[in-house]
Amino acid sequence: MLDGAFTHQDFSGRKGTIRTGDVQWMTAGRGIVHSEMPAADGVQKGLQLWINLASKDKMIEPRYQELESKDISQAEKDGVAVRIIAGEAFGVRSPVYTRTPTMYMDFTMQPGSQLHQPIPEGWNAFVYIIEGEGVFGKEGAAPASAHHCLVLSAGDGLSVWNRSGAPLQFALAAGQPLNEPVVQQGPFVMNSRAQIQQAMEDYYYGRNGFEKASQWSS
């Protein structure tokens, strides 16, 4: 949550509110029906990342991991600060467990600073610029500014330079490819059309994890 607050609840009775700087990591597994609603006045800002589960994990029980801002792993070096939501940076590792190997970080770079963040070979990765302007990838590249998404090519990591006069904030997300078929319809993501049909029937008839769905309202 970048700014503001959101209240979430689901059909199993879980309920909570995440505020500025907090993180909620939800593993939907076999399925969960939930709601998310603004819990503060004004504009609420946050980032939501959806990560696919491997076929062997798609039917696990749903679970949550929630971290208050003060409990998120942080590190700082040479004008670069990072909040480590998942993965490792500057020798500091996040306590969040991800079934799909994932890196998810919130970097803030002061003017004149530079960064090289290793990324495991073969992983897919992208950057979303939250605020400011920076040079990404190659030292001679054109600067990229806020609200742009940059998909990274193969390499040993991400290099960034902040040559502007203001702080640069961006999120780095990377993950190990599953190399499995992906079939999606609505909120359901499976590996085949038959599995999608089964998941939709389970939801409609209230079975295989969705037994509480029809009686629940947020």
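**A tour from paired strands to paired rings**

Start by selecting Thr7, which stands opposite Thr17 in S2. You're looking at a predicted model, so to speak: local features need pLDDT of at least 70, side-chain atom pairs count only at pLDDT 80 or more, and totals for chains, interfaces and linings use all residues. Residues are numbered from 1 along each chain as its sequence is written, and side-chain values use heavy atoms, with hydrogens and water left out.

Next, colour strand S1 (residues 5-10) and S2: they pair in the antiparallel sense over 5 bridges. Strands here are DSSP runs (E, at least two residues), numbered from the N terminus, and two strands pair if DSSP finds at least two bridges between them.

Now for the rings. The structure holds 7 aromatic pairs (Phe, Tyr or six-membered Trp ring centres within 6.5 Å; planes under 30 degrees apart are stacked, over 60 edge-to-face, the rest tilted). Pick Trp25 and Tyr104: their ring centres are 6.5 Å apart and the planes sit at 65 degrees, so this pair is edge-to-face. It links distant parts of the chain, with Trp25 in strand S3 (residues 23-27) and Tyr104 in strand S10 (residues 102-109), 79 residues apart. Trp25 is buried at 13% relative accessible area (buried is under 20%, exposed over 50%, partly exposed in between; 1.4 Å probe, protein chains only). Tyr104 is buried too, at 11%.

Last stop: select Phe107, Phe136 and Phe170, which ring pairs link into a cluster.

Methods. Helices (H or I, at least four residues) and strands (E, at least two) are DSSP runs, numbered from the N terminus.
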